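Welcome to my notebook. I am opening a new structure today and jotting down what I look up as I go.

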Amino acid sequence: MKESDMYPPLKLYLERLGYTVYPEIEPRTGGPRADIVAVKGDQLMIVEMKTRFGLAVMEQADHWASGGYAHQTYIAIPRRERWQVPTIAQRALELIGVGVMQVDLRANPNDINDLEEKLSWLKSLDEAAAQRSQERTQEAHQSYEDRRISICLESKTKAEANEAHQILSLLTSHHLNGPDAGGKAGGHISAHKLTMIRAEEYLAAAGDWVTPREIVDNIETHYFAHDKAASLKQALMQWGSDFCEYQVINRRGMFRIKER
């Protein structure tokens, strides 16, 4: 069992509640990453996933809740036959307003894979009966999926989350395509990677040689240095060689998108 196994059912559950779900979000460069950020309107929820409940995940959730990053904060753990969060831990979580979700990771007993093939023998006898059987199986399958998430401890909704704007201002459509939450292989959309994506998109649209100054004047970057153009130039020369090329033209260093 891996943390990332919990992401698909959690994503589906949150989307059905009207949230847009973003995996592996890093609000500040080099800082901690939230497993799941879910946004509905101006409300932001953070979910931290762990295969085992303990102090480590409580501390992670407390960072988001007490730091004012989220209006609601949850811990998600795999479903157990018995509620296994100690009473003293429940009291601590209630004090900081953190809730707990359980995720049922057992195989769906109403398997719809290859359903057509399984019912082929029945179709040969009675088409209508086969159709009814297929519909019942699909309904039972969906009903089971809908019940995978259970709320064991409600999160308190905070009226104010002063740092939530930091995350909301960061999120882009690129973050929707990040790696599944809970994975250990990296690949999350960091502030640096987002700057590289924006630079690549600008170069592709420009279609010709442009200076680093032109790029930073037309895209949002994560740089705080006084000379953002110099920072971008260094980053593109070090990390952008797969999508751009560099050349000195009329004594000015310039970049252009590589031909595919």
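I began with how elements are named: helices (H or I, at least four residues) and strands (E, at least two) are DSSP runs, numbered from the N terminus. The model is a predicted one, where local features need pLDDT of at least 70 and side-chain atom pairs count only at pLDDT 80 or more, while totals for chains, interfaces and linings use all residues. Residues are numbered from 1 along each chain as its sequence is written, and side-chain values use heavy atoms, with hydrogens and water left out.

**Entry 1**

I looked up E24, which sits in strand β1 (residues 20-25). E24 is not a glycine, yet its phi is positive, about 50°. Is E24 buried or exposed? I noted my cut-offs: buried is under 20% relative accessible area, exposed is over 50%, and partly exposed is in between (1.4 Å probe, protein chains only). E24 has 4% relative accessibility, so it counts as buried.

N250 also has a positive phi of about 50° without being a glycine. I found N250 in the loop between β7 (244-249) and β8 (252-257). N250 counts as exposed because its relative accessibility is 71%.

**Entry 2: helix α10**

For its twelve residues that gives 16 Å, and the end C-alpha atoms are 16 Å apart, which agrees.

Which residues of α10 are buried? I listed A229, L232, A235 and L236. They cover an arc of only 125° around the axis, so they lie on the same side of α10; the arc is that of the directions from the helix axis to the C-beta atoms. My reminder to myself: an α-helix has 3.6 residues a turn, so residues three or four places apart point the same way. On the face turned away from the buried side of α10, I found the exposed residues Q234 and Q238.

**Entry 3: aromatic pairs**

I paired rings of Phe, Tyr and Trp (its six-membered ring) with centres within 6.5 Å, calling planes under 30 degrees apart stacked, over 60 edge-to-face and the rest tilted. This rule gave me two aromatic pairs. The rings of W64 and Y69 are edge-to-face, because their planes are at 85°, with centres 5.2 Å apart. W64 and Y69 are both buried.

The pair of Y246 and F255 is tilted, with 5.0 Å centre to centre and 50° between the planes. Y246 is partly exposed at 31% relative accessibility, whereas F255 is buried at 1%.

Methods: The expected span of a helix is 1.5 Å times one less than its number of residues.
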